[in-house]
Amino acid sequence: MTTTRRYAALAGLLATIASLSIGELAAGLVRSWYSPVQAVGDRFIFYTPQPVKQFAIDVFGTADKLALIMGTLIITLIFGAVLGVLGRKRIAIAWSGIVAFGVVGVAASTVQDGLASSVPSVITVAVGIPVITLLLRTAPRESTAASETEGTSDAGSSGRRSFLALSGGLVAASAAAVGTGRALINARQGAIDESRDAIASQIGSGTGSSGADTTTETATRPLGVVDDPLPPLPDDVSFDIEGLEAFQTADEDFYRIDIELATPQIDPDEWSLRIHGMVDNELEFGYEELLRRDDLIEADITMTCVSNEVGGSLVSSGRWTGVPLTNLLEEAGVQDGADQLVGRDDGDFSTGFPVDTLDDGRPAMLALLFNGEPLSAAHGFPARVVVPGLYGYVSATKWIREIELTTFEAFDQYWVERGWDREAPIKLQSRIDVPRPAQSIQAGDVMVAGVAWHQPHGIEAVEIRIDDGEWEPAELAEELNDNTWRQWRFPWSVSEPGNYRVTVRATSTTGEVQTDERQPPFPNGATGLMTTVVTVRA
């Protein structure tokens, strides 16, 4: 007699849940250990072909990682159920499947952070094999199930109750394991948040992480002090229009696109930045050392993701504080022939852009603060690179650990390996924020408004066209600098009800007029004009 398919599938499903739960608990015990789901998910993101990545961003936007986690879990649970069915007659097949899954987890963890990080995947296998064996042996058999249907087998009912009791215990234990593992991980994250908050409270205080003044001239300089700070934002750089995105983006509203499945949690006391490669002097800096430098600068910069579609929201702006990249490179001494600056994070992710991009005086920096506060974990704490005028995929390394000076011939960064262009200057774009697409509005005086950008050149003009009419000039807010977006507004008087097409285009200070030729984000940024359809009612 063999286990019924239904109960065998349930046995495989429950064994998978129990195994993954123990893996989550193990990952919570040691900081350097990776849960199998996270490890496999991270590698899946890393090796996913470009079209699939772009599809996920297009469909799920900033929720692409949550979708990936759910997809990975669903596939894994289905795999477990299939193993249960296959193992009901030959248990060795189920064992082999569990071992294979464990091998995948070990390989993914090892690539991510060394062999030691793969312990949870090994534990997953060690738990999964005996659990699925016990469940399959306890599950009701085919003849028993048939007699239960006829209502003639007390022994069958007892076996079914035993299986369900065992299953309920496993579900409860799995929930407890996941809860404990997440609590341990959250506690570690909380400790990092506390370190960040402590640093935030010390900005300008002259104290270090210990809260005590130190003795050397460099160490006693206040944290995060800029000798030549920028004034507050002037009122005339923004219009007070409901629905128009704020000129300065709050941290929680700043777009996030990266390949990290889980937000890296980095202890600033253990973090350092290494500068190496084709340099005369290899350098290494600690976090507080950088925050106490006397060459910190502030700069208002708008950043744009290359995945941003025409009219998309993957663009944000704020005030950054950090060390000029040109100063760091001067101290390191860039050798002749080095034409690419590569940034790397804790994992395998890398960016790369031409060294000579920095020659035009743009405020490219190793950013440490955003809007006066330490970077949030989601946006790169402790440090990231910000280069105005370049799409993030070639420049904006978050959670950065090293800067290498090399050549384009010697190295292709992460996204270039996946077919994106090596050089990626930001393209001229404009967007309509109000009215919203398909919005129904009352006839009369309507305010159309939005933003336009072309870092590091700036915006000279914005024009609006209603249906196929003539282009008409919009009113521009004052320009803060060439590296930020510029708000615009257009008073529109409309008396006739109906559907209207509203199109926007911008002109750069270079004289370039935004093209109407549509191009998708791949391989170097989208182009085209945003048109929104508005319904006017009487």
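Me: What share of the residues in the protein chain is buried?
Reply: Buried residues are 51% of the 538 in the protein chain. Keep in mind that this is a predicted model.

Me: Okay, predicted. What is the mean pLDDT?
Reply: The mean pLDDT of the protein chain is 88. A value of 70 or more is reached by 92% of its residues.

Me: Where does pLDDT stay under 50?
Reply: One such stretch is residues 147-152. Another is residues 207-216.

Me: How many contacts does the model have for those, beyond four places in sequence?
Reply: Six for residues 147-152, and 15 for residues 207-216. Where pLDDT is low, the predicted coordinates should not be read in detail.

Me: Noted. How many helices and strands in the chain?
Reply: The count is 13 helices and 19 strands.

Me: And what box do the C-alpha atoms fill?
Reply: Roughly 85 × 75 × 45 Å, along the principal axes.

Me: What about the accessible surface?
Reply: About 23400 Å² for the protein chain. Carbon and sulfur atoms hold 54% of that.

Me: Contacts next. Of those with a separation of 6 or more, what share comes from residues 24 or more positions apart?
Reply: That share is 75% in the protein chain.

Me: On to packing. Which residues touch the most other members in the largest nonpolar core?
Reply: Ile275, Trp320, Leu325, Leu366, Leu368 and Leu405. The core has 77 residues. Strand E7, residues 365-370, gives the most to this core, with six residues.

Me: Take leucine 325. What is it in contact with, leaving aside neighbours within four places in sequence?
Reply: Phe353, Leu358, Ala364, Met365, Leu366, Val385, Val387 and Ile403.

Me: Switching to charges. How many salt bridges does a search of the whole structure find?
Reply: It finds 21. One of the pairs is glutamate 404 with arginine 344, at 2.6 Å, N to O.

Me: Why does that pair tie together parts that are apart in sequence?
Reply: Because glutamate 404 lies in strand E10 (residues 402-406) and arginine 344 in strand E5 (residues 340-344). Those parts are 60 residues apart in sequence.

Me: Glutamate 404 and arginine 344: buried or exposed?
Reply: Glutamate 404 is buried, at 17% relative accessible area. Arginine 344 has 18% relative accessibility, so it counts as buried. The cut-off is under 20%.

Me: What does aspartate 295 pair with?
Reply: Arginine 293, through a side-chain salt bridge of 2.7 Å, N to O. Aspartate 295 is buried, with a relative accessible area of 15%. Arginine 293 is buried too, at 12%.

Me: And aspartate 360, which residue does its side chain meet in a salt bridge?
Reply: Arginine 362, at 2.7 Å, N to O. Aspartate 360 is partly exposed, with a relative accessible area of 47%. Arginine 362 counts as buried, at 16% relative accessibility.

Me: Last one. Which residues are linked in a network of salt bridges?
Reply: Glu245, Arg431 and Asp433 are linked that way.

Terms used:
Residues numbered from 1 in each chain as written. Predicted model: local features only at pLDDT ≥ 70, side-chain atom pairs only at ≥ 80, totals over all residues. Heavy atoms only, no water. pLDDT = per-residue confidence, 0-100. Contact = heavy atoms within 4.5 Å. Core = buried A, V, L, I, M, F, W, Y, C linked by side-chain atoms within 4.5 Å. Buried < 20%, exposed > 50% of the residue type's maximum accessible area, 1.4 Å probe, protein only. Helix = DSSP H or I, 4+ residues; strand = E, 2+ residues; numbered from the N terminus. Salt bridge = Lys/Arg side-chain N within 4 Å of Asp/Glu carboxyl O. Areas by Shrake-Rupley, 256 points an atom, 1.4 Å probe, with all protein chains shown as cover.
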